[in-house]
Amino acid sequence: MTDTLTCANLSKSYGGVVAVRDVGFTIAPGEAYGLLGPNGAGKTTTISMLVGLLKPDTGTVVVGGADLSADPMAAKAKIGYVPQEIALYPDLTGRENLRFFCRLFGLPRKAVRARVEEVLDLVGLADRADAKLDTYSGGMKRRINIGAALLHRPELLILDEPTVGVDPQSRKSILDGLERLVADGMALLYTSHYMEEVERVCDRIAIVDHGSIVAEGTRHELVALVGGADRIELTLDGDVDTALAKLRGLGGVTEAVRTAAGSVRLIAEGGRYLLPSVISTVDGIAAVTAVEVVEPDLEATFLHLTGNTLRD
Amino acid sequence: MVRSLLTVSALELRTRVRDRTALIIAIIVPVAMATLFGVALGGDDPPLRATVGMVDLDGGEFPAGVRREVMASTELDGVLTLRDLPGRAQAQSALDAGDIGAAIIFPPGFSDSVGAGQGGKVDVLTSADTPLAGVVANAVVDRISSLVRARTLAVRASLDAGVPAGEVKEFVERNGAAGPALTLENDPMAGGRVDLSVYYGAGMAALFAFFVVGASFRSLLIERKQGTLDRMRAGPIHGWVPIAGKAVVGFALAMVSVCVTWASSVLIFGSTWGDPVAVFTLLLAHVLAATAITMLVASRARTDAQADGVIMVISFVAAFFGGSLVPLYTLPDLLQKIALFTPNAWTTTGLTGLAGSGAGLASVAVPIGVLCAIAAAAFGLAATGFRKGLLG
């Protein structure tokens with residue numbers, strides 16, 4: 001089966017600063033693909049190149065068989081883009097917004113009304129369709145933001161942080177809707193900071209850092225990359241630096257870092273079994289006021305691959 | 001492509017009408033400003049200090065009569081100065097150098113030709129830089145033309161009645177058949193009056209065209225900020241569609257604005273702006289230039305607030321130097337030369353000339369050409385700016 005999206009060797013620099021370096025991946029029909037990365041990792045630049053907002057310095061993007069640089073209209077007609085911000089007109093009603101983008105994207109005049117109603121039903125906003133967008137709740141805005149990208153029945157839906165700032169009910173509704181679209185055969189490219197969303201929605205995940213894909217695979221494949229190590233989160237009261245130094249020398253601990261003033265994170269094989277040794281190691285140096293053992297998950301993998309340094 | 005463009009334009013127009021910027025900036029404020037100026041200052045001609053060159057290659061009674069009447073006119077004393085020049089070439093040089101504002105040229109044999117009933121033709125040289133002097137010169141020549149027509153008719157009638165050719169001149173003068181002798185009335189610009197309601201109406205039209213069209217490009221930058229521009233560009237449309245859609249509406253609303261200001265001046269004050277085709281074409285060229293300049297600003301601005309500020313500054317600087325706020329002839333020479341870089345100066349000068357002279361489209365060909373050149377240059381730079389920025 002032909003992939004819905006094939007991108008290869010995508011690179012983009014700004015005045016000598018590399019934003020994206022040699023990024024490439026494919027997404028098959030009915031597949032959800034996640035892009036994970038810290039702030040500034042190059043996710044938005046990659047997405048901007050995929051939807052034709054930025055011209056890559058090198059590389060190719062093919063959507064549904066159409067080359068984005070050679071035939072941008074055909075390629076873009078197959079893409080639905082959901083920007084991170086609510087990219088709609090606040091002074092217009094939900095229905096007016098959808099109608100505008102239907103016409104802009106060239107839907108036949110007679111089909112506009114029916115398609116708008118379909119999408120309003122799809123995002124659950126038929127009953128609020130005639131209210132102005134600036135009266136919508138955050139979740140409703142997010143839903144219609146996605147709806148506007150579905151109007152022209154794209155083969156590939158690209159979502160950039162689509163659930164930022166919404167309540168759990170709206171998030172669930174959005175994720176349920178996306179899963180239905182994927183089940184119906186739509187390809188999905190999804191970026192989010194919420195690991196559990198990516199784990200739930202995406203079949204394959206790429207972890208991006210410093211402009212490059214540093215790991216790619218299914219959730220299980222990625223988790224296996226860190227060797228199944230557990231994460232031990234400690235809260236200490238006392239001489240944290242000395243305790244940290246001691247813990248680094250403890251057998252079985254592969255990594256020990258300070259994450260906050262009195263907080264320490266350890267990566268260790270069989271963390272729960274190592275816990276008594278950990279506590280005895282710091283005994284007399286610092287008091288353990290809280291402890292948590294986290295088994296391997298995507299977040300641990302993500303932090304392992306991208307580090308703990310704060311990104312702006 | 002066309003459907004997408006019309007869709008963007010329709011939304012822009014709807015937004016502008018809904019938020020009332022179209023009504024307020026395009027119609028109410030310019031009309032109100034022009035009306036206020038007209039009420040306060042209208043009806044009085046702007047103070048004139050014109051020097052008109054006189055080339056007398058005839059040496060007969062007509063040139064002498066003109067000189068005598070001008071010198072005797074109390075109304076023109078201290079306002080109009082005649083400067084004798086030896087020939088057409090010298091008059092043209094003086095005009096180009098700005099030493100005179102216009103020139104009247106009497107060809108050799110003019111008086112004899114009129115005396116023989118064969119009529120005659122007087123040339124007038126004018127400059128776009130000094131339209132009011134041109135108005136005065138044309139007014140003087142209009143008087144001469146009336147007299148020439150009357151004298152020619154009288155001579156021909158006398159000849160037909162059998163008066164010998166050698167006695168016709170004396171016969172006509174003795175019987176007063178040629179009408180009154182050449183006299184200049186106190187209003188040298190009758191029929192070509194330029195009052196301040198026209199002057200400031202034109203100025204406000206030129207100024208507000210920038211604001212009206214600038215609002216459309218400001219909304220383009222707002223769309224960039226709110227993400228709708230990227231959403232449009234990510235769709236299957238040409239990248240220029242959002243820009244062109246905004247430009248079309250800005251241009252159309254600015255045309256409505258200048259035409260409404262023009263119409264209000266005519267309806268409220270009974271002013272005459274001159275040949276409608278020429279006025280419309282000149283206003284069209286001005287709005288085109290304003291569209292291109294504001295588009296250039298939008299192509300380089302980072303935010304809508306920055307674009308707003310820059311357009312405001314450009315509009316007022318162009319209005320001041322271009323004579324939209326202060327009559328051009330009151331500015332020092334250096335500033336008058338700087339004014340030539342503003343579209344407002346060419347528009348105001350062209351409109352003033354049309355209002356005063358009753359001339360047609362050909363008389364404003366130069367201002368229209370300059371405005372189109374400004375528009376072409378600004379459009380070119382804007383296209384480059386958009387390719388590097390918004391569409392990069």
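Colleague: What share of the contacts in chain B, counting a separation of 6 or more, joins residues 24 or more positions apart?
Modeller: Contact means heavy atoms within 4.5 Å. Take the chain B contacts with a separation of 6 or more; the share from residues 24 or more positions apart is 79%.

Colleague: What pLDDT do local features need here?
Modeller: Residues are numbered from 1 along each chain as its sequence is written, chains are lettered from A and ligands numbered from 1 in written order, and side-chain values use heavy atoms, without hydrogens or water. This is a predicted model: totals for chains, interfaces and linings use all residues, side-chain atom pairs count only at pLDDT 80 or more, and local features need pLDDT of at least 70.

Colleague: How much of chain B is buried?
Modeller: Buried means under 20% relative accessible area, with a 1.4 Å probe and protein chains only. Of its 392 residues, the buried part is 51%.

Colleague: How far apart are the C-alpha centres of the two domains of chain B?
Modeller: The bounds come from an automatic or database domain assignment. Domain 1 is 2–43 + 194–388, and domain 2 is 50–175. Their C-alpha centres are separated by 41 Å.

Colleague: And in chain A, how far apart are the C-alpha centres of domain 1 and domain 2?
Modeller: Domain 1 of chain A covers 5–224 and domain 2 covers 229–295. The separation of their C-alpha centres is 40 Å.

Colleague: Which strands are the edges of the open sheet in chain A?
Modeller: Four strands of chain A make this antiparallel sheet, in the order β2-β1-β4-β5. Two strands pair if DSSP finds at least two bridges between them. Pairing on one side only marks the edges, β2 (17–27) and β5 (66–67) of chain A.

Colleague: Which residue of β4(A) is the bridge partner of Cys7(A)?
Modeller: Strands β1 (5–14) and β4 (58–63) of chain A pair antiparallel over five bridges. In β4(A), Cys7(A) has as its bridge partner Val61(A).

Colleague: At what angle to β1(A) does helix α1 of chain A run?
Modeller: Axes are lines fitted to C-alpha atoms, for helices over the stretch in contact; angles run from 0 to 180 degrees between N-to-C directions. Helix α1 (43–50) lies across β1, β2 and β4 of chain A, and its angle to β1(A) is about 120°.

Colleague: Which three residues supply 26% of the area that chain A buries against chain B?
Modeller: Here 33 residues of chain A contact 21 of chain B. Buried area is the accessible area (1.4 Å probe) lost by two parts on being put together, summed over both; between these chains it is about 2400 Å², 59% of it from carbon and sulfur atoms. Supplying more of chain A's share than any other three are Leu53(A), Tyr89(A) and Leu104(A).

Conventions
Buried means under 20% relative accessible area, exposed over 50%, partly exposed in between (1.4 Å probe, protein chains only). Helices (H or I, at least four residues) and strands (E, at least two) are DSSP runs, numbered from the N terminus.
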